[in-house]
Amino acid sequence: MKTYAVRLKRGTDLLQAIEKEAAKQGIRQDIFLEVNVGREESKSGFLTEEVLPLLEHIGEFPNIFVRGLMAIPPISQNSGDNRKFFQEMLQLSVDITAKKYDNVSMDFLSMGMTDDYLIDLHHYLFPDSRYKVEYRGYFDDTEKYSKED
C-alpha cells in the first residue's frame, strides 16, 4: 500500500481526521508541518512557538508520522534578507531532533521557493560566511560566487 505525505497547516482537528482515516486504511501517514516562520497573516501554518507543544502530543496519534517541516519565508527585495528565517527553521529542526519525540523524524526541511535556493545552498556549503553569493535570476547563469576578504 502506498502512502503520501500530507501538509498539515494548522489545527488538531485535521490531525484527528488524518489519524482516523489512516487507522481505517491500516497505514501510517507521513506528514509535514507547515510553519508560518514569518508570521504573515496571508499565510497559514503553525507559528514557531506552537510546533514543540504540538509535537509533545504527536505520539498520541499512532498512525501519523511527522517527517519534517516546511516553510515559505516572506518575500524579500534583497538577496539574503530572509536568511534569518532559514536559520530559524534549521534551528527548530535541530531542536526537534534533540527532543526525540515519538512518531517524529526531521528527515526533511523544505524551505523557500525556487529563487531562494542559492541562499539555502550558501547557508549549507559555506557556513563560515567566507563566501558571498549574489543571485540575479532563476536558472540563467547569472549567479556569482566570490570570496570575501
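Which residue in β3 does Ile-31 stand opposite? Val-66 is the residue that Ile-31 faces there.

1. **Ground rules.** This is a predicted model, in which local features need pLDDT of at least 70 and side-chain atom pairs count only at pLDDT 80 or more, while totals for chains, interfaces and linings use all residues. Residues are numbered from 1 along each chain as its sequence is written, and side-chain values use heavy atoms, with hydrogens and water left out.

2. **Overall layout.** The chain holds four helices and six strands. Helices (H or I, at least four residues) and strands (E, at least two) are DSSP runs, numbered from the N terminus. In sequence order the pattern reads β-α-β-α-β-α-β-α-β-β.

3. The chain has 149 residues, and 38% of them count as buried. Buried means under 20% relative accessible area, exposed means over 50%, and partly exposed lies in between (1.4 Å probe, protein chains only). Now take contacts, meaning heavy atoms within 4.5 Å. Among contacts between residues at least 6 apart in sequence, 66% join residues at least 24 apart.

4. **Strand β2 and its two faces.** In a regular strand the side chains alternate between the two faces of the sheet. On one side of β2 sit Gln-29, Ile-31 and Leu-33. On the other sit Asp-30, Phe-32 and Glu-34. Both faces are covered. Six of the six residues in β2 are buried.

5. **β2 beside β3.** Strand β3 covers residues 64-71, and β2 pairs with β3 in the parallel sense over six bridges. Two strands pair if DSSP finds at least two bridges between them. Ile-31 stands opposite Val-66. Leu-33 stands opposite Leu-69. To get from β2 to β3, the chain passes through helix α2 (residues 48-55), and this β-α-β crossover is right-handed. That label applies if, with the strands pointing away from the viewer, the path from the first strand over the helix to the second runs clockwise.

6. **β3 beside β4.** Seven of the eight residues of β3 are buried, so β3 is largely enclosed by the rest of the structure. Strand β3 also pairs with β4, in the parallel sense, over five bridges. Here Met-70 has Ser-110 in β4 as its bridge partner.

7. **The aromatic pair.** How many aromatic pairs does the count come to? The count comes to one. Rings of Phe, Tyr and Trp (its six-membered ring) pair if their centres lie within 6.5 Å; planes under 30 degrees apart count as stacked, over 60 as edge-to-face and the rest as tilted. The ring centres of Phe-32 and Phe-108 are 5.7 Å apart and the planes stand at 65°, so this pair is edge-to-face. Phe-32 lies in β2 (residues 29-34) and Phe-108 in β4 (residues 104-111), so the pair ties together parts that are 76 residues apart in sequence. Phe-32 is buried at 17% relative accessible area. Phe-108 is partly exposed at 40%.

8. Asp-30 is in strand β2. Its relative accessibility is 12%, so Asp-30 counts as buried. The side chain of Asp-30 makes a polar contact of 3.2 Å with the side chain of Arg-67. A polar contact is a pair of N or O atoms within 3.5 Å; within protein, one must be able to donate a hydrogen and the other to accept it, and residues adjacent in sequence count only if both atoms are side-chain atoms. Arg-28 has its charged end over the ring of Phe-65, 4.1 Å from the ring centre. A charge sits over a ring if NZ of Lys or CZ of Arg is within 6 Å of the ring centre and within 35 degrees of the ring normal.

9. Where does Asn-63 lie? Asn-63 is in the loop between α2 and β3. Glu-19 is in helix α1 (residues 12-25). The side chains of Asn-63 and Glu-19 are joined by a polar contact of 2.7 Å. The two residues are 44 apart along the chain, yet their C-alpha atoms are separated by 5.6 Å. Asn-63 is buried at 19%, and Glu-19 is buried at 13%. Not counting residues up to four places away in sequence, Asn-63 touches several residues, including Ala-22, Ala-23 and Ile-27.
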